[in-house]
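Open the model in your viewer and keep the selection panel at hand. This tour goes stop by stop, saying what to select and what is there.

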Protein chains: 2
Amino acid sequence: MTSRVLNDKDFAGLLQRNQLKVTAPRLGVLKIMADRDSAISQPVLEKLMGAEVDRVTLYRVLKTFEEKGILHKVIDLNGTAHYAICSSNCSEHNHQDEHFHFNCTQCKQVYCLNDMHLPAIHLPEGFEAASVSLSITGVCNHCSKE
Amino acid sequence: MTSRVLNDKDFAGLLQRNQLKVTAPRLGVLKIMADRDSAISQPVLEKLMGAEVDRVTLYRVLKTFEEKGILHKVIDLNGTAHYAICSSNCSEHNHQDEHFHFNCTQCKQVYCLNDMHLPAIHLPEGFEAASVSLSITGVCNHCSKE
DNA sequence: TTACAATTGCAACTTTATTGCATTTAAAAT
DNA sequence: ATTTTAAATGCAATAAAGTTGCAATTGTAA
Ligand SMILES: [Mn+2]
Ligand SMILES: [Mn+2]
Ligand SMILES: [Zn+2]
Ligand SMILES: [Zn+2]
């Protein structure tokens with residue numbers, strides 16, 4: 001459930017490989033993301049970043065990372081945006097993030113379940129699927145221990 | 001794909017059966033909902049209702065209908081709230097809306113796919129699922145004709 | 001008709017997100 | 001080292017979605 005892209009902690013290298021300038025706001029976001037095993041919500045991320053970085057800059061950093069295939073955005077069942085490290089092999093124009101998401105009702109975390117795959121879906125006549133997203137609500141492995 | 005609850009158009013009766021007063025804002029919402037074969041977004045619904053009804057009242061009507069099992073809320077992949085008639089047999093404390101939703105990228109409509117059922121999902125150790133929601137993005141039957 | 005709880009409308013506010021523009025800065029070129 | 005400049009940031013203004021408190025109104029049961 002941890003990313004292969006960020007665990008070497010060469011954040012500057014990652015930015016350079018993506019033709020992005022190495023800046024404090026970007027490094028800050030990467031550092032926070034790399035330490036987690038679940039997605040992080042926009043509001044929480046904003047708090048963690050603190051006053052160091054402007055809110056607008058944070059939005060722009062996230063948008064850029066999304067476009068570059070470094071992070072992906074997940075909207076949870078309440079409509080809150082979450083961000084997570086992209087699995088393995090996403091790139092600028094080729095996202096490969098079709099995995100399940102688990103929303104814990106207790107700790108409110110969103111987990112990417114990368115290793116699960118979706119059975120084929122048969123749609124009614126005329127409907128053409130481009131992508132499929134599956135969200136599960138329940139209690140996560142940490143919270144179910146208590 | 002059409003509701004059994006509202007097609008008799010006895011809106012007042014429906015409200016009374018749910019211990020709700022028959023009021024103009026509530027009848028207005030039911031009338032709009034009954035005519036559709038897809039979910040309706042909060043912003044669109046607000047425009048259709050026009051200045052006749054206060055925004056806050058609309059939010060409260062929707063919340064009440066949700067609690068009573070008359071409507072259910074779906075958050076689409078952009079985080080926008082949509083509302084749809086509940087299928088057949090939802091009631092105050094027993095929602096029965098575990099079906100797929102189809103998000104059309106062209107017309108932006110959200111369709112409830114009531115007649116499809118989800119295959120069982122095996123979660124990692126410790127995770128306990130309470131409910132599952134599946135959203136499909138693509139082109140709907142109307143839009144794919146063009 | 002009356003009485004009263006339920007419902008509505010209004011004002012104020014919060015949170016999330018976007019846009020335009022002036023200023024700053026990382027990094028490439030000299 | 002300096003210069004240069006496109007890229008990135010910060011700030012102010014704005015918009016949209018949603019919430020809360022409270023006074024006024026109204027549906028309905030008595
Ligand atoms: Mn994910
Ligand atoms: Mn539905
Ligand atoms: Zn949890
Ligand atoms: Zn469509």
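Start at DNA strand D and select A:Thr23. An N or O atom in the A:Thr23 side chain is 2.7 Å from a phosphate oxygen of DNA strand D. That is a polar contact, a pair of N or O atoms within 3.5 Å; within protein, one must be able to donate a hydrogen and the other to accept it, and residues adjacent in sequence count only if both atoms are side-chain atoms.

A word on the ground rules. This is a predicted model, where local features need pLDDT of at least 70, side-chain atom pairs count only at pLDDT 80 or more, and totals for chains, interfaces and linings use all residues. Residues are numbered from 1 along each chain as its sequence is written, chains are lettered from A and ligands numbered from 1 in the order in which they are written, and side-chain values use heavy atoms, with hydrogens and water left out.

**Around DNA strand D**

Select A:Arg60 next. One of its polar side-chain atoms lies 2.6 Å from a base oxygen of DNA strand D. An N or O atom of the B:Tyr59 side chain is 3.1 Å from a phosphate oxygen of DNA strand D.

A residue counts as near if one of its heavy atoms lies within 4 Å of the strand. Of the DNA strand D atoms that come within 4 Å of the protein, sugar and phosphate make up 56%.

Colour this surface by class: ten residues are nonpolar, three polar and eight charged. Here Ala, Val, Leu, Ile, Met, Phe, Trp, Tyr, Cys and Pro count as nonpolar, Asp, Glu, Lys and Arg as charged, and the others, Gly among them, as polar.

Helices (H or I, at least four residues) and strands (E, at least two) are DSSP runs, numbered from the N terminus.

**Around DNA strand C**

Move to DNA strand C. It is surrounded by 21 residues, the closest being A:Arg55, B:Thr23, B:Arg26, B:Thr57 and B:Arg60. Select B:Thr23: a polar side-chain atom sits 2.7 Å from a phosphate oxygen of DNA strand C. Select B:Arg60: an N or O atom of its side chain is 2.6 Å from a base oxygen of DNA strand C. Then try B:Asp54, where a polar backbone atom is 3.4 Å from a phosphate oxygen of DNA strand C.

**The zinc ion**

Select ligand 3. The protein donors of this zinc ion are A:Cys104, A:Cys107, A:Cys140 and A:Cys143, each through SG, at 2.2 to 2.4 Å. Donors are N, O and S atoms within 2.8 Å of the metal (3.2 Å for Na, K and Ca); water is not among the atoms, so sites may look incomplete. The donor spacing in sequence is C-x2-C-x32-C-x2-C.

**Strands**

Finish with strand S6 (128–139) of chain A. S6(A) joins strand S6 (residues 128–139) of chain B through eleven bridges, running antiparallel. Strands pair if DSSP finds at least two bridges between them. Select A:Val139; opposite stands B:Glu128 in S6(B). S4(A) and S6(A) also pair, in the parallel sense, over four bridges. Last, pick A:Asn103, which stands opposite A:Thr137 in S6(A).
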